Amino acid sequence: MLRTLKTRFQQKYRTMTYPGGPAPELPARFAGRPVLRDDACNADCGACMTVCPTNAIALARERSSVTLDTGRCLFCRACEKACPQGLIRFTRDYSSASPTREGLVIGGGVDHTIQARNEPAAKFFVRSLKLRQVSAGGCNACEADCNVLGTPAWDMGRFGIQFVASPRHADGLLITGPVTVNMRLALEKTYAAVPDPKIVIAVGACAVSGGPFIGHAEQHNGAVSVVPVDLFIPGCPPHPLSILDGILKLLERI
């Protein structure tokens, strides 16, 4: 007991101060929310669209610029390197979640300011949110970053947010993976077992749109094709800070 207390005293307090203080330092390779300059690009170029592995980039309606769907984007930065005019740039902005699928599409001369607040979530779950995590065919990358949020440094339990083992004890679902054919029924049953009111959070490109598996016959292009989704958090995988930021904004905690 004394040894435990001594170790605890030596280690001191390690939980980060975010969101009350500065955000933790992000790795040098971190790719955050991209920005697209509104300058007219050469419509005959198409270099960014050619290198994109998920067809996340498309020509805007007026065909003088491009749009980037962060719900499909793998944040590989291939488009940033390919664009000869430097119109695409990935920032250090970790805040990328959106309550709507359309809110994840950037560019086209449209202001895409995101407000993730959810009225039922802010009303019922602001101080206590229990989530059942469902891996609907995920590769375990998004799941691992969600698990990080339970470690002492992140400690999302200080916000009253916890993962629970049973959907009957949960206020909502956190879904990862593209929802494979074999997982569809399990996801539907789990969703039905969560009592009302409930929320659904889709984490990662796969859960948002199918990611690199878009169009494959053995999956359903993300959670929204099976259950209603209240918050989309893009990334492959999204950084733990992006996940926590999105959930806290959904609850209007920040």
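Mentor: Two strands pair if DSSP finds at least two bridges between them. Keep that cut-off in mind. This is a predicted model. Start with strand E3, residues 66–69. Three bridges join E3 to strand E5, residues 105–107, so the two count as paired. They run antiparallel. Leucine 68 stands opposite isoleucine 106 in E5.

E3 also pairs with strand E2, residues 57–59. That pairing is antiparallel too, and it has three bridges. Here threonine 67 of E3 is the bridge partner of alanine 58.

Now the side chains of E3. Val66 and Leu68 point one way. Thr67 and Asp69 point the other way. What is the burial state of these four? All are buried. That includes Asp69.

Follow the chain past E3. Phenylalanine 75 lies in the loop between E3 and helix H3 (78–82), and phenylalanine 90 lies in strand E4, residues 88–90. The rings of phenylalanine 75 and phenylalanine 90 form an aromatic pair. Their centres are 5.7 Å apart, with 65° between the planes. That makes the pair edge-to-face, because the angle is over 60 degrees. The two residues are 15 apart in sequence, so the pair ties together separate parts of the chain. Phenylalanine 75 and phenylalanine 90 are both buried.

The structure holds three aromatic pairs. Another of them joins phenylalanine 124 and phenylalanine 125. Their ring centres lie 6.3 Å apart and their planes meet at 50°, so this pair is tilted. Phenylalanine 124 has 46% relative accessibility and counts as partly exposed. Phenylalanine 125 has 6% and counts as buried.

A ring can also meet a charge. The charged end of lysine 198 sits over the ring of tyrosine 191, 4.0 Å from its centre.

Last, helix H5, residues 141–148. Which of its residues are buried? Cys142, Glu143, Asp145 and Cys146. Seen down the axis of H5, these fall within an arc of 165°, so they line one face of the helix. An α-helix has 3.6 residues a turn, so residues three or four places apart point the same way.

Notes:
Residues are numbered from 1 along each chain as its sequence is written. This is a predicted model: local features need pLDDT of at least 70, side-chain atom pairs count only at pLDDT 80 or more; totals for chains, interfaces and linings use all residues. Side-chain values use heavy atoms; hydrogens and water are left out. Buried means under 20% relative accessible area, exposed over 50%, partly exposed in between (1.4 Å probe, protein chains only). Rings of Phe, Tyr and Trp (its six-membered ring) pair if their centres lie within 6.5 Å; planes under 30 degrees apart count as stacked, over 60 as edge-to-face and the rest as tilted. A charge sits over a ring if NZ of Lys or CZ of Arg is within 6 Å of the ring centre and within 35 degrees of the ring normal. The arc is that of the directions from the helix axis to the C-beta atoms.
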